[in-house]
Amino acid sequence: MSTVQQPDPSDRPARLTVGVVGAGRVGPALAASLQLAGHRPVAVSGVSDASRRRAEAMLPDVPLVPPAEVLQRAELVLLTVPDDALPGLVAGLAETGAVRPGQLLVHTSGRYGAKVLDPALRAGALPLALHPAMTFTGTPVDVQRLAGCSFGVTAPEELRLAAEALVIEMGGEPEWIFEENRPLYHAALALGANHLVTLVAQAMELLRTAGVEAPDRMLGPLLGAALDNALRSGDAALTGPVARGDAGTVAAHVTELRRHAPRAVDGYLAMARATADRALAHGLLKPELAEDLLDVLANSADGAGGGTTGTNGTEGNPR
């Protein structure tokens, strides 16, 4: 259940005309959510055919125009372009005089704070960094997912309330991130969300190779429980052969991965070492078992296999 609270009417920004520069997966969803809050999308820009179709589907009847014209028409402009393109876009808009004094300029990059908007700030714009901590599909379901979604918020102190109010209007939960902490904040999200997709995809491929007909059905309950346990208990939720110190099982895993999915070996070893370190630090992995386990991981990294091959009756244990 969402804990989003509506802002006090005195804190709510006036109804604004909204423009979107970059009709990727994020921009149209945010503009659509602002529309539900009473704001009015008036212009959107997109380069690819896919982005144009997406804008037409999620923001029907909103005209597609060049970026400079988006800024001419809108009081609140969402800059929803890839991180690497953002600094050049901002500099270019400022240099060409497209930025208007008093205009709210919002970017959604996780990497950058408000300083990347300094060229626009010097032109009189009001800079806000509002990053939704959510993965987007580019479909209307994204608007629903914004309910209760955390946003990393960075802005000049005098604009903090306005930034947080906009997030709340979109159904989100504002989380203040200091400018200097933005790269670390973004790295944490990428580590958790982006790498999770890779891990799940690899696990599904391996299960198919092992003959499982519906790997998604098998993994769903297991991964759902693991995620819930991790969010509730942190490192105390660590389970499995690495946390138990089952060196033989880990060695068997590496052998099978080398045979069937050699590209997955490095990732398995890296995560196993990280898991072992955390399990040791939190007293879950007994030091006397850790030595054999770490030997297996070290030898496996050298391509030598190594370690014991027995499982002590633990292979297949789902803990």
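Predicted model: local features only at pLDDT ≥ 70, side-chain atom pairs only at ≥ 80, totals over all residues.
Biologist: At what angle do the axes of α11 and α13 cross?

Modeller: Axes are lines fitted to C-alpha atoms (for helices, over the stretch in contact), with angles from 0 to 180 degrees between N-to-C directions. For helix α11 (residues 247-260) and α13, the crossing is roughly 15° and the axes come within 8 Å. That makes α11 roughly parallel to α13; the cut-offs are under 35 degrees for roughly parallel, over 145 for roughly antiparallel, 65 to 115 for roughly perpendicular, and oblique for the rest. In the contact (heavy atoms within 4.5 Å), α11 supplies Ala247, Val250, Ala251, Val254 and Arg258, and α13 supplies Asp292, Leu293, Val296, Leu297, Ser300 and Ala301. By class, that's eight nonpolar, one polar and two charged; Ala, Val, Leu, Ile, Met, Phe, Trp, Tyr, Cys and Pro count as nonpolar, Asp, Glu, Lys and Arg as charged, and the others, Gly among them, as polar.

Biologist: How far apart are the axes of α12 and α13?

Modeller: Helix α12 (residues 265-281) and helix α13 (residues 287-301) have axes 11 Å apart and pack at about 160°, so they are roughly antiparallel to each other. Their crossing is left-handed. Residues in the contact include Leu269, Ala272 and Arg273 of α12, and Pro287, Ala290 and Leu293 of α13. The classes here are 10 nonpolar, one polar and one charged.

Biologist: And at what angle do α8 and α9 pack?

Modeller: Helix α8 (residues 182-209) meets helix α9 (residues 215-233) at about 135°, with axes 9 Å apart, and that makes the pair oblique. The crossing of α8 and α9 is right-handed. On the α8 side you'll find Val200, Ala203, Met204, Leu207 and Arg208, facing Pro215, Asp216, Met218, Leu219 and Leu223 in α9. Those divide into eight nonpolar, no polar and two charged.

Biologist: Now the sheet. What is the order of its strands?

Modeller: Two strands pair if DSSP finds at least two bridges between them. The order in this open sheet of seven strands is β2-β1-β3-β4-β5-β6-β7, with mixed pairing. β2 (40-45) and β7 (173-176) are at the edges with a single partner strand each, so one side of each has no neighbour in the sheet. From one strand to the next, the twist averages 25°. Strands β6 (residues 150-154) and β7 run parallel, joined by four bridges, and Gly152 sits opposite Glu175 in β7. Helix α7 (residues 160-169) lies across β3 (76-79), β5 (126-132), β6 and β7, at about 145° to β7.

Biologist: How many salt bridges does the whole structure have?

Modeller: Eight, each a side-chain nitrogen of Lys or Arg within 4 Å of a carboxyl oxygen of Asp or Glu. Take Arg15 and Glu169, whose closest N and O atoms are 2.8 Å apart. Arg15 is in the segment before β1 (17-21) and Glu169 is in helix α7, so the pair ties together parts 154 residues apart in sequence.

How values were computed:
Residues numbered from 1 in each chain as written. Heavy atoms only, no water. Helix = DSSP H or I, 4+ residues; strand = E, 2+ residues; numbered from the N terminus. Left-handed = near helix turned anticlockwise from the far one by under 90°.
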